[in-house]
Amino acid sequence: MIRTAGAVLAGARAALAAPRWIEGPRLTELLRPPARSRAETRVPRGATGSAMRLLRLLARVPGRRWRNTCLYRSVAECLVLRRYGIPAIVKIGVKSGEGDIEAHAWVVRADRERQDSGDGHEPLVLRA
């Protein structure tokens, strides 16, 4: 049970920290591989899931800084993975067409091939 509590705490810390990473100059740190790597440990079950659940809840609070978007989810996931020594980076893709700009963010782990769950969320679309 302590392991689960630690996982929930790690996920909550990442979700709460996401706006500071996105709004400040530190976002570029997550776009590059970590400068130093520590020994990898297994990410406890539920750590990234608890971050995603908390982000969904925080996004519902009016006037708050959190959003339930692919960028916020990717930053939180990357923070959790790096917390456990997994080298991970946030990737951001942008495409334009017919006046719209679409952007999507996802996490790439060094220990796995590219994975983007897509998790049913639409990319951000900006209208010109």
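Helix 1 gives the most to the lining of the largest pocket, six residues in all. Helices here are DSSP runs of H or I with at least four residues, strands are runs of E with at least two, and both are numbered from the N terminus. A pocket is found on a 1 Å grid over the protein atoms alone: it is an open set of points with protein on both sides within 12 Å along at least five of seven lines, and its lining residues have an atom within 4 Å of a point.

A word on the model. It is predicted, so to speak of a local feature we need pLDDT of at least 70, and side-chain atom pairs count only at pLDDT 80 or more, while totals for chains, interfaces and linings use all residues. Residues are numbered from 1 along each chain as its sequence is written, and side-chain values use heavy atoms, with hydrogens and water left out.

Back to the pocket. Its volume is about 680 Å³. That volume is the space filled by probe spheres set on the grid points, which are joined across faces, edges and corners. The lining counts 23 residues, and Trp-21, Arg-36, Leu-79, Arg-82 and Arg-83 lie nearest the centre. Which elements give two or more residues to this lining? They are helix 1 (2–23), helix 2 (27–30) and helix 4 (70–83). By type, the lining divides into 12 nonpolar, two polar and nine charged residues.

Now the whole chain. It has four helices and three strands. Along the sequence the pattern reads α-α-α-α-β-β-β. Of the 128 residues, 33% are buried. Buried means under 20% relative accessible area, exposed means over 50%, and partly exposed is in between, with a 1.4 Å probe and protein chains only.

Leu-27 sits in helix 2. Leu-27 counts as buried because its relative accessible area is 15%. Leu-27 and Val-75 are 48 residues apart in sequence, yet 8.3 Å apart in space, C-alpha to C-alpha. Val-107 belongs to strand 2 (residues 100–109). With a relative accessible area of 4%, Val-107 is buried too.

On to charges. How many salt bridges does the structure hold? Two. A salt bridge is a side-chain nitrogen of Lys or Arg within 4 Å of a carboxyl oxygen of Asp or Glu. One joins the side chains of Arg-65 and Glu-23, at 3.4 Å, N to O. This pair links distant parts of the chain, 42 residues apart: Arg-65 is in the loop between helix 3 (47–59) and helix 4, and Glu-23 is in helix 1. Arg-65 is partly exposed, at 38%. Arg-26 pairs with Glu-29, their closest N and O atoms 3.4 Å apart. Arg-26 is partly exposed at 41%, and Glu-29 is partly exposed at 34%.

Last, the surface. Leu-31, Ile-92, Val-94 and Ile-101 form a nonpolar patch with about 330 Å² of accessible area together. Patch members have over 30% relative accessible area and no salt bridge; like charges are joined within 9 Å, and nonpolar side chains (Val, Leu, Ile, Met, Phe, Trp, Tyr) within 5 Å. Val-94 lies in strand 1 (residues 88–97). Val-94 is exposed, at 60%.

Key
Accessible areas come from the Shrake-Rupley method with a 1.4 Å probe; for residues, only the protein chains shown count as cover. On a 1 Å grid over the protein atoms alone, a cavity is a set of points where a 1.4 Å probe fits but cannot get out, and a pocket is an open set with protein on both sides within 12 Å along at least five of seven lines; lining residues have an atom within 4 Å of a point. Ala, Val, Leu, Ile, Met, Phe, Trp, Tyr, Cys and Pro count as nonpolar, Asp, Glu, Lys and Arg as charged, and the others, Gly among them, as polar.
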